[in-house]
Amino acid sequence: MYDYPQIADHGMVGDLQTAALVSDTGTIDWWCTPRFDSPSLFASILDSERGGYCRLAADLDGTAGATIRQLYLADTAVLVTRFMAPGGVGEVADFMEPAPSATPSSRHRLVRVARVVRGSLPFTLVCRPRFDYGRAPHTLTLLDDGSALFHGPGTDLHVQASAPLTLHPDGGDVTARFTLQAGEVAAVTLTSDISDHHSTRPLTRDEVRDSIEACRSFWHNWVRTSSYRGRWYEMVHRSAITLKLLTYAPTGAPIAAATMGLPEQIGGERNWDYRYTWIRDASLSVRVLIDLGFVEEAQAFRLWLRDRLDAGSSESGEPLQIMYRVDGDPHLTEEVLDHLEGYQKSAPVRVGNAAADQIQLDIYGEAADALAQAQDIGGVRGWQSFAGVLDWLAGSWDRPDEGVWETRGGRQDFTYSRLMTWVAFDRGIRMATAYSRPADHARWMGARDAVFNQIIERGWNPKQEAFVQHYDTDVLDASLLLMPRVGFVAPRDPAWLSTLDAMDRELVSDSLVYRYNPTASPDGLRGSEGTFNLCSFFYVEALARAGRLHQARYAFDKMLTYANHVGLFAEEIGPSGEQLGNFPQAFTHLALIGAALALDEELDRAGR
């Protein structure tokens, strides 16, 4: 039995096609391969008994004065778990060499390097893969070269170690025990491959060193292209690395989070699969990466987005579906994995996402805003696809939808959805003018102005003196914190400052921000949720732009204290300050970057 760690007790490693979570005790308890959205090999974070894990750690049980610390090597995705005891100091470095190739690979290698820097320490390896989310049996073969081959449906896992592997007493798994003296190194490699297995020898010490250096060099070279030189260098670049790790290199498609099923409330039902590419999340991620100077990621996503437009209507009849698999496949059938108990018994555990067929009109604005950040808007073909969408939207914007939060309580005339359709028309008009592209200017401008007037007339609630969630309610919604950023209102417009004050009263708790009040605005789900990290960082940005710099900096500094030990965030913060929801969450990290950029700019302006 493997006890559940806190969601925040993890770092992430990845190779730009898949990613794994490593707990601060040296346990890999989440890894899907060969893609982010593939079935899992290790998923003990969702079921401590059935999910499977791989633990490599120093044996410190009962050792007085022993401590464990975890960190990233600076500006890299090399994760180090350090074990410190009176008898010795050692560490395990986990990493995957990035594979920024345009070719999807079935072969992925996670390297675990143990070493001792002082004294001596005993280490134990336990490898217990459970294929297909723990649903499928496997066979195990101990090979002549001392390695082990786990064979499951559609894939296998080859495990090599510097020490001999033996059968685990439970059967069907492997273990190894070894002691390292100061200066000694041992390596464990986990290689997944759905092709025929070819035995390879264990890594030599020189090969281990070269492999780590190759990984470090990749990340150092990538971070070096950043233009950010502001006050929060380490947190901004850790967030940027996280967004990069959550991007599928062969297609350029960013995913929303590395995991599925982690709860928004312990014991609750708000447990979703986030390993897919949301048009909204991806567009916002690309926008902040552009702001940091990372242009290649933007170009790759634009091509992916253009291909989705060229593919034609989705199953809902819309030009775009709200989310896709990383290869562009629109089919994300949702099912419940009843055999998994869920993180700390938070069931159901869902794989796939039924929200894929929802109508969310805001996605067209986020996509247009991302496209508008670059001079190259996809060439002639790309422009034609984009203009076709705006022609369609001009006749389709005025209708209810499920909204940005994917509520399952029925469609409404959500103000944020209208806001982002305004953005779509606004950015389309600007791009057509700037690049002399053919466009139905009169129709687009008419639609833009009609949306604007409707929001002013129906999205404003006199009782609240604020813009509200949808036209038939007085409930506030933190998604509207983006109104000044997208240019709909000036950040110090009296109507906006009044809205910000209303949010302060109703949605903000000690600088943390709730999305909305689900009791006042039922969303079709039981239970509650924590404050939403994306909104908390959007709040910081809105405060900064409104000139409330002391309040903004206080809120930002406080939010940073909720990051975990290696600078990562999940989706939400719970009532006791714990991280909740899928992890790490792209939404949170992109909003952190946006808040830092805005706060830097406003502080510099005030200083001048």
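Author: Buried means under 20% relative accessible area, exposed over 50%, and partly exposed in between, with a 1.4 Å probe and protein chains only. This is a predicted model, in which local features need pLDDT of at least 70 and side-chain atom pairs count only at pLDDT 80 or more, while totals for chains, interfaces and linings use all residues. Residues are numbered from 1 along each chain as its sequence is written, and side-chain values use heavy atoms, with hydrogens and water left out.

Glu-264 counts as buried, at 3% relative accessibility. Its salt-bridge partner is Arg-515, with N to O at 3.9 Å; the term salt bridge stands for a side-chain nitrogen of Lys or Arg within 4 Å of a carboxyl oxygen of Asp or Glu. The two residues are 251 residues apart and link distant parts of the chain: Glu-264 lies in the loop between strand 17 (253–254) and strand 18 (277–278), Arg-515 in the loop between strand 25 (512–513) and strand 26 (531–532). Helices (H or I, at least four residues) and strands (E, at least two) are DSSP runs, numbered from the N terminus. Arg-515 is buried too, with a relative accessibility of 6%.

A second salt bridge joins the side chains of Glu-297 and Lys-244, at 2.7 Å from N to O. This pair also links distant parts of the chain, with Glu-297 in helix 5 (residues 295–310) and Lys-244 in helix 3 (residues 233–245), 53 residues apart. Glu-297 has a relative accessible area of 10% and is therefore buried. Lys-244 is at 13% relative accessibility, so Lys-244 counts as buried.

In the salt bridge between Glu-602 and Arg-545, the closest N and O atoms are 2.8 Å apart. Here the linked parts of the chain are helix 13 (residues 586–607), which holds Glu-602, and helix 11 (residues 533–545), which holds Arg-545, and the two residues are 57 residues apart. Glu-602 is buried, at 8% relative accessibility, whereas Arg-545, at 23%, counts as partly exposed.

Some salt bridges share partners, and in this way Arg-287, Asp-291, Asp-369, Asp-426, Arg-427 and Arg-430 are joined into one network. In total, the structure holds 45 salt bridges, among them the pairs Glu-297 with Lys-244, Arg-515 with Glu-264 and Glu-602 with Arg-545.
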